Amino acid sequence: MFAFFRPAAHRTPLPDDRVDSTYRRLRWQIFAGIFFGYAGYYLLRKNFSLAMPYLIEEQGYTRGQLGLAISAIAIAYGLSKFLMGLVSDRSNPRYFLPFGLLLSAAVMFLFGFAHWATSSVAIMFVLLFINGWAQGMGWPPSGRTMVHWWSQKERGGVVSTWNVAHNVGGGLIGPLFLLGLGWTNDWHAAFYVPAAVAVLVAVFAFATMRDTPQSVGLPPIEAYKNDYPEGYDASHEEEFSAKEIFVKYVLRNKMLWYIALANVFVYLLRYGVLDWAPTYLKEAKHFTVDTTSWAYFFYEWAGIPGTLLCGWMSDKIFRGNRGLTGVVFMVLVTIATLVYWLNPPGNPAVDMAALFSIGFLIYGPVMLVGLQALELAPKKAAGTAAGFTGLFGYLGGSVAASAAMGYTVDHFGWDGGFVMLVAACVLAIAFLLPTLRHTNVASSSREAVA
């Protein structure tokens, strides 16, 4: 089934005088492909959250029912990001990434135009599960691309810059929804307007992306940049078996387990705030529909400078200590979450500032977990390592943020939901603490393997 995605064959090496110019041109082009391609995925990730207030009002669903339905995205995404990571490590990202994006867009078109798509919790769950599975095809090929086209010393800045793609895409959902709502006076525009844009993005990604440097006649990035990780040899350019990737470089990797467990609670906070922001702000803080849509936008786009700052601080101030950087950011996230919760209604500026602060701060730890996963495994296993941490983040954290948060709020009110979110902050810090002694995880993936 996946033969269509198999890696491109190595081409005859280019002459030495063409290597530098070709590398420079293609790296800009490929980065644009994976950046906008991954942003396109986020145009289709959280549309359902914007539709939930309408589904509650017009179709009588409870918060718990919709939380259960939307948890399908997290369940499917967690499984897909891991399993598709295994496939991606043995596939051509140029085909892999656009295909997943088109599949996700198809599901959103169904939600937008087929009335039966929202007729029951079971149907919504199935469609959102399919969407979540397709969404899992975005991160692994992007990670595979970055570790093949950028060397170890460049990767921190590149990954942190690329990581803001999901803020760009996720932040645009709100304005695109308002634009579609203005055109059609139909709340289903939250689905079909972003889906139409995503189709165009998929075409762009296919046109700009490439597989490995060797597939276009270039030398490996380590040779081009003279930047070899400790223990690097010719075997690092060979494809591993699925068993070798999974057992040797994932299951036996102690550091990967620590950051995967921390990721559960980072994602619980991230999506516990994001998924429920439109509903919470409307019900508890009496925001209007247009204001909640813009709040969604500010939350996502606040993560852009926050992620870039976190990457810079991780490299320059904390000297590669990803764990310490994550702890500092999570402490600040805890404070912002408390303000967001305890600020009484009638102070919208404080609510918006708190939501902006959470968005500014939370995406740094999200990025650091992904960066650590890439650095803790050989590049031929990078997609699987990232998928492993994503499996924990989505099956644990995001599912809890959707289903458990919805039922908690139904039974204990918003105060009960925020107790759960603050506890998640504390537990994320607790699991990051064992990583503090690892000041430079990138120096050797072998040290992390038991």
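Phe 418 is buried in this predicted model, with a relative accessible area of 2%. Its ring partner is Tyr 340, and the two form an edge-to-face aromatic pair, 5.7 Å from centre to centre with 65° between the planes. Why does this pair count as edge-to-face? The angle between the planes is 65°, and planes over 60 degrees apart count as edge-to-face. Tyr 340 is buried too, at a relative accessible area of 1%.

The pair also links distant parts of the chain: Tyr 340 belongs to helix 14 (residues 322–342), while Phe 418 belongs to helix 16 (residues 382–432), 78 residues apart. Look around these two rings and you will find a cluster, in which ring pairs link Trp 276, Tyr 280, Tyr 340, Trp 341, Trp 414 and Phe 418.

Let us turn to another aromatic pair. The count of aromatic pairs comes to 30. One of them joins Tyr 23 and Tyr 224, whose ring centres are 4.0 Å apart and whose planes lie at 10°, so this pair is stacked. Tyr 23 sits in helix 1 (residues 16–42) and Tyr 224 in helix 10 (residues 221–225), so the pair ties together parts that are 201 residues apart in sequence. Tyr 23 counts as buried, because its relative accessibility is 0% and the cut-off for buried is under 20%.

| Arginine | Ring | Distance from ring centre |
|---|---|---|
| Arg 45 | Tyr 42 | 4.1 Å |
| Arg 94 | Phe 206 | 4.4 Å |

Is Gln 372 buried or exposed? Gln 372 is buried, with a relative accessible area of 3%, and its place is in helix 15 (residues 348–375). Gln 372 and Gly 156 are 216 residues apart in sequence, yet their C-alpha atoms are 9.6 Å apart in space.

Now for the chain as a whole. The chain has 16 helices and zero strands. Of its 450 residues, 61% are buried. Among contacts with a separation of 6 or more, 85% are between residues 24 or more positions apart. The pair of Tyr 23 and Tyr 224, at 201 residues apart, and the pair of Tyr 340 and Phe 418, at 78 residues apart, are both examples of links across the sequence. The accessible surface of the chain comes to about 16,400 Å², and carbon and sulfur atoms account for 67% of it.

Notes: Residues numbered from 1 in each chain as written. Predicted model: local features only at pLDDT ≥ 70, side-chain atom pairs only at ≥ 80, totals over all residues. Heavy atoms only, no water. Phe/Tyr/Trp six-rings, centres within 6.5 Å; stacked < 30°, edge-to-face > 60°. Helix = DSSP H or I, 4+ residues; strand = E, 2+ residues; numbered from the N terminus. Buried < 20%, exposed > 50% of the residue type's maximum accessible area, 1.4 Å probe, protein only. Lys NZ or Arg CZ within 6 Å of the ring centre and 35° of its normal. Contact = heavy atoms within 4.5 Å. Areas by Shrake-Rupley, 256 points an atom, 1.4 Å probe, with all protein chains shown as cover.
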